[in-house]
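Please examine the sequence and the structure shown below.

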Amino acid sequence: LRGLELIVLEAREKWPAVRLAIHHRIGRMAIGEASVAIAAASPHRADAFAASRYAIERIKQIVPIWKHEYFEGGDVWIEGATADPDNTDAREGALRIACA
């Protein structure tokens, strides 16, 4: 949750008029089910889309989400992101993707 809150704060710095909410589901999900929901409200549609894209890129970079994947013949744990949230190169990379 702290990682998601940090991402909301980062997005607010870049897009102050955007109101952003992020939710990540936990528990078992079927293949194809959404695990992340991002809601953005803004006077300008482009800013809402950019803030949402930034959020998902940062989730992939800094939020430690682990997945337990099951398949025929076994299962495996996949470790989530463990990047340093203060890594400015990673943050700039997320901004480049969001503002492309």
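The protein has three helices and four strands, where helices (H or I, at least four residues) and strands (E, at least two) are DSSP runs numbered from the N terminus. This is a predicted model, in which local features need pLDDT of at least 70 and side-chain atom pairs count only at pLDDT 80 or more, while totals for chains, interfaces and linings use all residues. Residues are numbered from 1 along each chain as its sequence is written, and side-chain values use heavy atoms, with hydrogens and water left out.

**Overall fold**
- From the N terminus on, the order of elements is α-β-β-α-β-β-α.
- The C-alpha trace spans about 50 × 25 × 25 Å along its principal axes.
- Of the 100 residues, 28% count as buried (under 20% relative accessible area, with exposed over 50% and partly exposed in between; 1.4 Å probe, protein chains only).

**Helices α2 and α3**
- Two packed helices are described by the angle between their axes and the distance between the axes.
- Helix α2 and helix α3 (residues 88-98) pack at about 145°, with their axes 8 Å apart; axes are lines fitted to C-alpha atoms, for helices over the stretch in contact, and angles run from 0 to 180 degrees between N-to-C directions.
- Residues in this contact (heavy atoms within 4.5 Å) include Tyr 54 and Arg 58 of α2 and Ala 94 and Leu 95 of α3.

**Residue Ser 52**
- Ser 52 lies in helix α2 (residues 45-62).
- Ser 52 counts as buried because its relative accessibility is 19%.
- Leaving aside residues up to four places away in sequence, Ser 52 touches Leu 20, Ile 38 and Ala 40.
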